[in-house]
Amino acid sequence: MTRIRLNNVSKQFAPTTNKANSEVIEAVRKLSLEIQSGEFFTFVGPSGCGKSTALNLIAGLEHASSGEILFDDNSVSQLEPKKRDVAMVFQSYALYPHLTVFDNIAFPLQLRKVAKPEQRSAVGAIASKLGLENLLERKPKELSGGQRQRVALARALIRRPRVFLMDEPLSNLDARLRLEMRAVIRRIFLEEMITTVYVTHDQEEAMVLSDRLAIMRDGEIEQCGTPLDMYENPRTQFVAEFIGNPPVNMLKADIAARLFPALISRIGDSKSSVNAAIRPNLLTAVKAPVSGKSSSDTAVAKLIEMTGPDCWVHLDYEGVIIRARVPSGADISAGEHVHLEYSLDDFIFFENASGLRVELTAVEN
Ligand code: ATP
């Protein structure tokens with residue numbers, strides 16, 4: 001098992017010859033990070049934030065402009081990808097079309113001239129873990145997308161690399177297969193304990209798969225931590241808004257204080273300088289306030305969203321859309337005026353100018 005360290009790693013791309021675009025692109029800026037051995041670590045963030053570049057730097061497909069990358073205590077910064085002993089799985093399956101599934105999976109062992117009986121037992125073992133036992137004689141064109149991606153995973157895993165790297169491996173699959181493959185990947189990697197670095201733009205995928213994740217923004221790490229920590233303790237507004245589905249409600253403090261009157265005691269004089277955030281599942285839509293519970297002003301139900309076990313309402317308050325949970329049995333319809341039950345302690349606050357989290361404690365009236 002291998003520990004990966006990035007020390008102050010930056011990557012700049014030279015400007016293109018196109019004169020309209022003559023600036024150096026800083027894809028990754030001063031990345032410092034330690035990925036523990038056996039850890040499943042994910043870079044997640046919006047398009048262009050630098051996550052694939054970070055992965056390619058670890059793979060050796062790109063060379064850092066400055067800084068150093070270490071596997072355990074040895075620098076790999078100058079090593080070619082082959083010498084780093086990493087396996088990669090991409091969005092495209094990159095299988096050999098003329099080879100059977102068996103030969104595709106066995107290919108890395110054939111390169112190493114592993115004896116045939118050992119090849120057969122290794123392919124058999126990995127194929128059964130990935131549910132490919134009955135497909136070994138097929139060619140890639142006779143497989144579904146999910147099956148092809150499992151073959152690609154099997155071929156990478158059979159090498160037992162030091163480090164496993166995956167760049168959006170599930171992007172080509174439909175929603176249902178993505179969920180299935182997500183579970184397969186999590187299960188396999190819990191068993192294998194190979195240090196894995198994963199890239200995705202999908203926050204839910206990152207949360208479900210990872211031991212830890214780094215949310216990237218403009219080439220830098222905005223926050224790094226466990227999924228639960230990122231969800232419960234976002235250090236910036238960007239992280240709070242990136243993580244969570246349905247997304248967090250982010251309200252300008254003056255509007256928040258009108259909708260949720262008890263908030264005045266927290267917001268006090270900060271009305272123009274902070275945003276108040278609360279997760280939709282922490283707001284309960286009710287037709288009438290219940291005594292003893294904090295209830296909001298009324299807002300108009302615009303849309304009811306039923307997702308199966310959960311039901312959400314989109315409310316319009318002064319032109320701002322707020323999402324809240326509809327408890328089971330509550331008969332709320334679009335067009336109705338409803339209240340929201342809330343707890344003051346569930347709100348968190350962010351400074352407008354910097355986007356940083358601020359703690360607001362109760363102020364005396
Ligand atoms: P996506 O999710 O869209 O793949 P990403 O977060 O993986 O995005 P990167 O592919 O790492 O982002 O790109 C980061 C920045 O670097 C982008 O602005 C991109 O245009 C730029 N970039 C990436 N590769 C190159 C290259 N070879 N030459 C020039 N610019 C590049």
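## Helix 3 against helix 5

Helix 3 passes helix 5 in a right-handed crossing; a crossing counts as right-handed if the near helix is turned clockwise from the far one by less than a right angle, and as left-handed if anticlockwise. Helices (H or I, at least four residues) and strands (E, at least two) are DSSP runs numbered from the N terminus. This is a predicted model, in which local features need pLDDT of at least 70 and side-chain atom pairs count only at pLDDT 80 or more, while totals for chains, interfaces and linings use all residues. Residues are numbered from 1 along each chain as its sequence is written, and side-chain values use heavy atoms, with hydrogens and water left out.

The axes of helix 3 and helix 5 come within 7 Å and cross at roughly 30°. Axes here are lines fitted to C-alpha atoms, for helices over the stretch in contact, and angles run from 0 to 180 degrees between N-to-C directions. Helix 3 and helix 5 are therefore roughly parallel to each other; angles under 35 degrees count as roughly parallel, over 145 as roughly antiparallel, 65 to 115 as roughly perpendicular and the rest as oblique. Val101, Asn104, Ile105 and Pro108 of helix 3 make the contact with Val151, Ala154 and Arg155 of helix 5, where contact means heavy atoms within 4.5 Å. Five of the residues in this contact of helix 3 with helix 5 are nonpolar, one is polar and one is charged. In this scheme Ala, Val, Leu, Ile, Met, Phe, Trp, Tyr, Cys and Pro count as nonpolar, Asp, Glu, Lys and Arg as charged, and the others, Gly among them, as polar.

## Helix 3 against helix 4

Helix 3 (residues 101-111) also packs with helix 4 (residues 116-129): their axes come within 10 Å and cross at roughly 125°. Helix 3 and helix 4 are therefore oblique to each other, and their crossing is right-handed. On helix 3 the contact involves Phe102, Ile105, Ala106, Leu109 and Gln110, and on helix 4 Gln119, Arg120, Ala122, Val123 and Ile126. By class, the contact of helix 3 with helix 4 has seven nonpolar residues, two polar and one charged.

## Helix 5 against helix 6

Helix 5 (residues 145-157) and helix 6 (residues 175-192) pack at an angle of about 15°, and their axes are 11 Å apart. Helix 5 and helix 6 are therefore roughly parallel to each other, with a right-handed crossing. From helix 5, Gly146, Gln149, Arg150, Leu153 and Leu157 meet Leu177, Met181, Ile185, Ile188, Phe189 and Glu192 of helix 6. The residues of this contact of helix 5 with helix 6 comprise seven nonpolar, two polar and two charged.

## Surroundings of the ligand

The ligand is surrounded by Phe13, Ile25, Ala27, Pro46, Ser47, Gly48, Cys49, Gly50, Lys51, Ser52 and Thr53, a residue being near a molecule or strand if one of its heavy atoms lies within 4 Å of it.

An N or O atom in the side chain of Ser47 is 2.6 Å from an oxygen atom of the ligand. For Gly48, a backbone N or O atom lies 2.8 Å from a ligand oxygen atom, and for Thr53 a polar side-chain atom lies 2.5 Å from an oxygen atom of the ligand.

Arg5 lies in strand 1 (residues 4-13). Its side chain makes a polar contact with the side chain of Asp73 at 2.9 Å; a polar contact is a pair of N or O atoms within 3.5 Å, and within protein one must be able to donate a hydrogen and the other to accept it, with residues adjacent in sequence counting only if both atoms are side-chain atoms. Not counting residues up to four places away in sequence, Arg5 touches Leu33, Glu34, Glu68, Ile69, Leu70, Asp72 and Asp73.

Arg160, in the loop between helix 5 and strand 7 (163-167), has phi near 50°, a positive value in a residue other than glycine. A cis peptide bond, with omega about 0°, joins Asn245 and Pro246. Pro246 is located in the loop between helix 9 (237-242) and strand 11 (249-252).
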